[in-house]
Amino acid sequence: MKKILITGGAGFIGSHLVRLFVNKYPDYFITNLDALTYAGNLENLTDIENSPNYTFVKGDITDESFVETLFEENKFDAVIHLAAESHVDRSILDPMSFVKTNVLGTGVLLNAAKKNWTNLSNKLFYHVSTDEVYGSLGEVGFFTETTPYDPRSPYSASKAASDHLVRAYHHTYNLPVVVSNCSNNYGSHQFPEKLLPLMINNIVHSKPLPVYGKGENVRDWLWVEDHARAIDVIFHKGIIGETYNIGGFNEWKNIDIVHLLCRIMDKKLNRAEGESEKLITYVKDRAGHDKRYAIDATKLENELGWSPSLQFEEGLDKTIEWYLANETWVSRITSGSYKQYYDQQYSKR
Ligand code: NAD
Ligand code: DAU
């Protein structure tokens, strides 16, 4: 039985990945290591929590002795590393927690793998990263795997540092690694601090819809289950030492997405046409706000045969339906410390 450590499996993307691997590969044993920060939630995995090929371990990837003991006791064959601080706005408020988790935490995991993997055959350290490491695009062009790194927020700089560490362990110690850099994900179970779930939640409660700046920044949106499928493909077919960009060729200006959400939700909530659009509020821009991200995923499509499965309109509809059906999930995870963060974030804008 292949033993795989997935870090950050109680978060948004991690929970979709854990579910996919546990269900699709009964002959793999999946250990989900997660510190259950504000962003981690075991409710995301209730459907698979009793599966015989799955276990959850609560722990912090920055805790060196804990991580080393975990590796010694479990003899993992592979690591898929997603645990991270993931929200750009939070990295502007508190950069050091991003340095700690994303840089130090990745270093601790790499060291534990290096120490324990005395025989490197059939081992893999898969690092899940972001397109934000490439910086910001102008009106045209795409990020490819050879675009030079140019991170601009504490979040993206910490992810860039972690990517560099992973590649350094490959070049220096021959650690078998693979890295993927993905564009913006959307779908169920995303913490409602991120654009789409935040807007959906605020529309439901008729709260202001805070659009940063003029809303003209562009993001490239991918259905989260298509990201999980891409990780599956890269995990099994990717070439050691290579990097793969993941994206859906699906660029949207923020303001256009917000208008679209308002239109769809007016219908779903039986509101008069144009009612939700009245909630749109232009607020102070994010500091250092990257203008445009767009991923060229041709390498992944041509070399490994992956392509996105879902059109954006269909994915958005499923996402909205999920949030409408899971309002108790939203209210549970947004109570407590989230309210403090939300007030701090939006009262000053
Ligand atoms: P998330 O914030 O929803 O989940 C992160 C998870 O990591 C949480 O469950 C949290 O509890 C856990 N975690 C945080 N610090 C930890 C620590 N010190 N030790 C153990 N666990 C810890 O994030 P997400 O959106 O699911 O992103 C997952 C990964 O994918 C991240 O590495 C992120 O950089 C990357 N990524 C995200 C996107 C996106 O659009 N969300 C796109 C590309 C790449
Ligand atoms: O590109 C991949 C990245 O996408 C991931 O690495 C990050 O983990 C993930 O959080 C995401 O980063 P973004 O900063 O692009 O996502 P966010 O949802 O925070 O913002 C999307 C866009 O919407 C961005 O241009 C800022 C804008 N925005 C965001 C919020 C929360 C608003 O206008 N208003 C808001 O309230």
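Before any distances, a definition: a polar contact is a pair of N or O atoms within 3.5 Å; within protein, one must be able to donate a hydrogen and the other to accept it, and residues adjacent in sequence count only if both atoms are side-chain atoms. What you see is a predicted model, in which local features need pLDDT of at least 70 and side-chain atom pairs count only at pLDDT 80 or more, while totals for chains, interfaces and linings use all residues. Residues are numbered from 1 along each chain as its sequence is written, chains are lettered from A and ligands numbered from 1 in the order in which they are written, and side-chain values use heavy atoms, with hydrogens and water left out.

Start with ligand 2. R219 places a polar side-chain atom 2.8 Å from an oxygen atom of ligand 2. N184 also has a polar side-chain atom 2.8 Å from an oxygen atom of this ligand. For H289, an N or O atom in the side chain is 2.6 Å from an oxygen atom of ligand 2. On its own, ligand 2 has 690 Å² of accessible area, and the protein covers 95% of that; these areas come from the Shrake-Rupley method with a 1.4 Å probe, and for residues only the protein chains shown count as cover.

What surrounds ligand 2? There are 24 residues, and the closest are D131, Y155, R286, H289 and Y346. A residue counts as near a molecule or strand if one of its heavy atoms lies within 4 Å of it. By class, ten of the shell residues are nonpolar, eight polar and six charged. Here Ala, Val, Leu, Ile, Met, Phe, Trp, Tyr, Cys and Pro count as nonpolar, Asp, Glu, Lys and Arg as charged, and the others, Gly among them, as polar. Strand β8 gives the most to this shell, with three residues. Helices (H or I, at least four residues) and strands (E, at least two) are DSSP runs, numbered from the N terminus.

Now ligand 1. Which residues come nearest to it? Of the 28 around ligand 1, they are I13, D34, S86, Y155 and K159. A polar backbone atom of I13 is 2.8 Å from an oxygen atom of ligand 1. A backbone N or O atom of N185 is likewise 2.8 Å from an oxygen atom of the ligand. D60 uses its side chain: an N or O atom there is 2.9 Å from a nitrogen atom of ligand 1. The protein covers 96% of the 830 Å² of accessible area that ligand 1 has on its own. Two or more residues each come from α1 (12–24), β5 (124–130), α5 (154–173) and β7 (184–186), and β5 gives the most, with three. The shell around ligand 1 divides into 13 nonpolar, twelve polar and three charged residues.

Helix α5 also holds R167. The R167 side chain makes a polar contact of 3.1 Å with the side chain of Y149. Leaving out residues up to four places away in sequence, R167 touches Y149, V179, N181 and T243, where contact means heavy atoms within 4.5 Å.

On to the interior. In soluble globular proteins, nonpolar side chains tend to be buried together. A nonpolar core is a set of buried Ala, Val, Leu, Ile, Met, Phe, Trp, Tyr and Cys residues joined through side-chain atoms within 4.5 Å. Buried means under 20% relative accessible area, exposed over 50%, and partly exposed in between (1.4 Å probe, protein chains only). The largest core has 44 residues, of which I4, F21, I80, Y126, F235 and I246 touch the most other members. Helix α7 (residues 224–237) supplies the largest share, seven residues. A second, separate core of 37 residues includes M265, I320, W329 and Y341.

Why is α6 described as largely enclosed by the rest of the structure? Because nine of its ten residues are buried.

Last, the backbone. Most residues other than glycine have a negative phi, and most peptide bonds are trans. Just after α6, S206 takes a positive phi of about 50°. N174 has a positive phi near 65° and lies in the loop between α5 and β6 (177–182); at 54% relative accessibility it counts as exposed. N270 has a positive phi of about 55°, sits in the loop between α8 (254–268) and β12 (280–283), and is exposed, with a relative accessible area of 72%.
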